[in-house]
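Hello,

Here is the structure I promised to pass on.

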Amino acid sequence: MMSKLKFIIADKSFLVRRGLVCTIEEFESFEVVRELDNEKSLFKAIAKLSPDFVIINLNFYKSLRLKEFNSLTKKNKTKIIKLIDKNKDDVFFNETDYYIDINDSKSNIINQIKDITEQFLKSEKTSKNSILSNREKDVLRHIALGLTNKEVADKLFISIHTVVSHRKNITKKLDIHTVSGLTIYAILNKIIDIESSKS
Amino acid sequence: MFTKDMKMADLIHKNYLLLSIISRFGIPLGFGDKSVEEVCNDYKVNTYFFLDIVNSCSYESYFTDVQHKHFSIVSIVSYLRKTHKFYNDQIVPEIQCLITNLYQNCFQQKDNVKLLFNFFEEYKNELLIHIKREEDIVYPYVLDIEKAYETKKISKELTEQMKNYSIKDYLNEHSDIEEKLLDLKNLIIKYLPPTSDFKYRNKVLVKLFQLEKDVNDHSSIEEKVMAPKIFDMENFLFSHFSIVKLNIDDE
């Protein structure tokens with residue numbers, strides 16, 4: 001049996017919070033573990049409950065001490081879903097950002113939440129499989145030898161974007177974050193040899 | 001949470017990692033049944049500051065809950081400097097020594113252990129640069145700010161400095177030096193193939209965990225206690241002496 005995905009709802013408005021709680025709790029596999037309206041309880045709740053998602057009002061989000069908030073959510077593997085108002089908020093989103101538009105219809109909002117959580121579950125699955133694909137090994141070999149993303153891209157005839165996404169996956173799978181760490185991993189696993197790493 | 005009326009000895013029973021922190025305050029063991037406050041008074045340590053440090057190292061959300069008003073930047077900086085000294089003089093050499101022992105006690109994997117040793121050296125150098133920057137630039141700056149704030153007098157040099165560099169810049173550039181440490185732990189736990197030696201491999205890891213925790217606690221004192229205090233004092237000085245910051249924040 002899978003455990004429920006945990007949500008925290010952060011918004012200044014009581015009515016908005018209640019609306020979100022009801023919507024989220026329509027899903028059997030979701031659970032709202034806390035709703036709150038201020039920074040202090042938000043930080044505390046994330047540290048204590050390490051939820052899978054925080055749904056947070058964009059303006060509230062902007063008012064936070066972001067550096068700390070981001071490192072806290074990173075540490076607790078909490079994903080941030082921003083609650084925006086497309087009519088008012090003038091925002092430009094990265095593809096990687098998750099958001100819900102407050103003006104959307106019920107079915108749109110539900111689909112949006114489904115999409116987000118499915119992506120999340122998929123990424124959980126892949127990260128559990130820590131064996132590198134052959135292509136990832138190729139990329140790792142070049143990174144370990146000290147090539148830049150651009151150089152790796154040219155060598156393997158792929159776009160920089162692809163190199164970056166391979167790197168992200170490698171780091172995620174191995175839980176090794178620095179280039180020198182990756183180099184040692186590559187040597188330990190005979191992806192490169194010590195002699196070539198020195199050049 | 002620890003309070004001033006608890007027995008000092010009980011703090012250590014609850015969290016033995018406080019041992020090195022208590023020594024940093026210059027408090028030796030052997031305090032019998034004295035309370036935290038009594039021991040702090042004996043050694044002229046500010047009890048509130050002491051409690052803030054030991055609590056923050058023991059309870060993760062401590063700094064988000066509490067106001068810190070009872071102690072000065074002078075005492076914070078003096079503690080932070082002692083922490084740096086602990087890294088330089090004690091835990092870093094200990095880890096180097098343990099990795100060397102691991103190397104000497106391994107029959108296989110010698111070359112690989114050597115790699116890890118070099119990797120730790122790289123980390124050490126990063127740490128030293130980080131420490132040096134704080135000792136040479138950041139700490140003198142925050143001490144000057146506190147002095148100016150208290151005396152309501154500001155030197156020309158400090159005025160100039162404030163125009164170019166404030167504590168906000170420090171927070172922005174305050175770099176993560178923990179990544180390498182995390183990598184080293186994973187390399188030893190997951191990726192270095194089995195070694196004939198267990199003893200030193202485990203000991204290295206335990207020390208790395210200790211160092212990592214200490215470095216994290218150290219940064220959170222800087223970011224959550226020192227920086228906010230300085231931020232308020234700076235704001236006062238900016239308006240009191242009508243100083244205008246040169247670079248424009250793009251917030």
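K85(B) is exposed, because its relative accessible area is 52% and the cut-off for exposed is over 50%. Bear in mind that this is a predicted model. K85(B) forms a salt bridge with D89(B). The closest N and O atoms of that pair are 2.7 Å apart. Both residues sit in helix α6 of chain B, which covers residues 73-105. They are 4 residues apart, about one turn of the helix.

A second salt bridge in chain B joins K180(B) and E126(B), at 2.6 Å from N to O. K180(B) belongs to helix α10 (residues 178-191) and E126(B) to helix α7 (residues 110-151), so this pair ties together parts of chain B that are 54 residues apart in sequence. How do the two ends compare in burial, buried or partly exposed? K180(B) is buried, with a relative accessible area of 10%. E126(B) is partly exposed, with a relative accessible area of 30%.

Salt bridges also link up in chain A. R17(A), R18(A) and E35(A) are joined into one network by bridges that share partners.

Another pair in chain A is E136(A) with K173(A). Their closest N and O atoms are 2.9 Å apart. E136(A) lies in helix α6 (residues 134-144) of chain A and K173(A) in helix α8 (residues 160-174) of chain A, so the bridge ties together parts 37 residues apart in sequence. Both E136(A) and K173(A) are buried. Over all chains, the structure holds 23 salt bridges.

Next, the surface charge. Which residues gather in a patch of positive charge on the surface? They are R34(A), K40(A), K44(A) and K48(A). Helix α2 of chain A, residues 39-49, gives the most to this patch, with 3 residues. R34(A) is found in strand β2 of chain A, residues 30-36. R34(A) counts as partly exposed, because its relative accessibility is 35%.

Now chain B as a whole. It has 11 helices and 0 strands. The C-alpha trace of chain B spans about 65 × 50 × 25 Å along its principal axes. The chain has 251 residues, and 49% of them are buried. Take the contacts in chain B with a separation of 6 or more: 76% of them are between residues 24 or more positions apart.

The accessible surface of chain B comes to about 12800 Å². Carbon and sulfur atoms account for 54% of that surface. Chain B carries 32 positive and 40 negative charges.

E173(B) counts as partly exposed, because its relative accessibility is 37%. What does E173(B) contact, leaving aside its neighbours within four places in sequence? The partners are R133(B) and Y165(B).

If you open the model, the pairs above are a handy place to start.

Best wishes

Methods: Residues numbered from 1 in each chain as written. Chains lettered and ligands numbered in written order. Predicted model: local features only at pLDDT ≥ 70, side-chain atom pairs only at ≥ 80, totals over all residues. Heavy atoms only, no water. Patch = residues over 30% accessible without salt bridge, like charges linked within 9 Å, V, L, I, M, F, W, Y side chains within 5 Å. Areas by Shrake-Rupley, 256 points an atom, 1.4 Å probe, with all protein chains shown as cover. Salt bridge = Lys/Arg side-chain N within 4 Å of Asp/Glu carboxyl O. Lys, Arg positive; Asp, Glu negative; His and termini not counted. Charge placed at Lys NZ, Arg CZ, Asp CG, Glu CD. Helix = DSSP H or I, 4+ residues; strand = E, 2+ residues; numbered from the N terminus. Buried < 20%, exposed > 50% of the residue type's maximum accessible area, 1.4 Å probe, protein only. Contact = heavy atoms within 4.5 Å.
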